[in-house]
Amino acid sequence: MDGGNVRFSVKNLFNVEGWVCVVTGGGTGIGLMIAQAFANNGARVYITGRRAETLQTAAKTWGASLAHPQGKIIPITADITDKASIQNLAQEIAKHEKHVDVLVNNAGIDGSTSTVEKGDESAQALQKELWNEEVLMWESVYRTNVIGYFFTTVAFMPLLSAATTRGGGHTGSVINISSISGVTRTSQHHYAYNTSKAAAIQLTQLLAQEMRRPGVKVRVNSIAPGIFPSEMTTEGSNEQNKSSIPVDESYGEKKGIPAGRSGGEEDMAQAALLLACNQYIYGQTVIVDGGYLLAHP
């Protein structure tokens, strides 16, 4: 009888002790939040990115005082826009690990913005504004936010599939970090970014469909964050690789966020742990936005 109740304890429901995780863009922002979520609960977390110094800072600052003795944050430099670099990353981790429980595709860029309000003036004014967007910018955003997710997932597919060796119905999991920008119908001044995030959500569904096959058995889901502090939404990071968004009493009303604030680290951590641990969630996009899309459908 007691054993039946113990199964419902938080420790058992969200137990990631001894898990192996890979988080791209894991040195700052949302990626670091997720890396800390897993590492502080006993997982070995490999954080990747192009900036070696940023990764080292994250590992030294946050990996040295983890809440769980088994947890680790391990930095490895990699560029998800380069297939050879992605392949090297997977091969390097395979030297140390027999499987990967969770791959978090998080690394992303936002590109430039356009003053879409020019459309209030005339078609010609809006055309001029949008025509000034660079093709190379669009390609760069798509290469990172969509193509990079695809090839990183493919590179880790055998290691993710091998997670089933844990038994008990355990499966490897991919979590793509998309955005509410890929859901809302407003451009938010950046067409390229929003289009890429919508594509990332579609990519999640396509990968989920194919990777559920019996020879693979990997779950693929997505988190669509609202406004969270990161180098993309603020002016950068502090010496601990953390970003912050000042919030006053009028913040929620100005931004159209019922929660009245930007997203917190615990909000993102809880969402990531849910998708990683719940073995019955397939092909879903979990929106974590404080209610933003209610005001910006």
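## Working chat on a predicted protein model

User: What kind of model is this, and how are the residues numbered?
Analyst: This is a predicted model, in which local features need pLDDT of at least 70, side-chain atom pairs count only at pLDDT 80 or more, and totals for chains, interfaces and linings use all residues. Residues are numbered from 1 along each chain as its sequence is written, and side-chain values use heavy atoms, with hydrogens and water left out.

User: How many helices and strands are there?
Analyst: The protein has 11 helices and seven strands. These are DSSP runs numbered from the N terminus, with helices being H or I of at least four residues and strands being E of at least two.

User: What is the radius of gyration, and what would a compact globule have?
Analyst: The protein has a radius of gyration of 19 Å, which agrees with the value near 19 Å for a compact globule of 297 residues. The radius is taken over C-alpha atoms, and the globule rule is 2.2 Å times the number of residues to the power 0.38. Along the principal axes, the C-alpha atoms fill a box of roughly 70 × 45 × 40 Å.

User: What share of the residues is buried?
Analyst: Buried residues account for 49% of the 297 residues. Buried means under 20% relative accessible area, exposed means over 50%, and partly exposed lies in between, with a 1.4 Å probe and protein chains only.

User: Which residues touch the most other members of the largest nonpolar core?
Analyst: In that core of 61 residues, they are Ile-34, Phe-38, Val-45, Phe-156 and Ile-223. A nonpolar core is a set of buried Ala, Val, Leu, Ile, Met, Phe, Trp, Tyr and Cys residues joined through side-chain atoms within 4.5 Å. Another core, of seven residues, lies apart from it and includes Ile-180, Ile-245, Tyr-251 and Ile-257.

User: What does Phe-38 contact?
Analyst: Beyond its neighbours within four places in sequence, Phe-38 is in contact with Val-16, Cys-21, Ala-43, Val-45, Val-102, Ala-272, Leu-273 and Ala-276. Contact means heavy atoms within 4.5 Å.

User: How many of the contacts between residues at least 6 apart join residues at least 24 apart?
Analyst: The share is 74%.

User: Where is His-68, and what does it contact?
Analyst: His-68 sits in the loop between helix 4 (52-63) and strand 3 (72-77). With a relative accessible area of 15%, His-68 is buried. Setting aside neighbours within four places in sequence, His-68 is in contact with Glu-17, Ala-39, Asn-40, Asn-41 and Gly-42. The C-alpha atoms of His-68 and Gly-42 are separated by 5.2 Å, although the two residues are 26 apart along the chain.

User: Why does Ser-222 count as buried?
Analyst: Ser-222 counts as buried because its relative accessibility is 0%. Ser-222 lies in strand 6, and, not counting residues up to four places away in sequence, it touches Asn-176, Ser-178, Thr-204, Leu-275, Gln-284, Thr-285 and Val-286.

User: Which residues other than glycine have a positive phi?
Analyst: Gln-188 is one of them, with phi of about 55°, and Lys-217 has a phi near 55°. Gln-188 is in the loop between strand 5 (172-177) and helix 8 (191-211). Lys-217 lies in the loop between helix 8 and strand 6 (218-225) and is partly exposed, at 44% relative accessibility.

User: Is Glu-266 buried or exposed?
Analyst: Glu-266 is exposed, with a relative accessible area of 56%. Glu-266 is in helix 10, residues 265-277. Glu-266 and Met-33 are 233 residues apart in sequence, and their C-alpha atoms are 7.9 Å apart in space.
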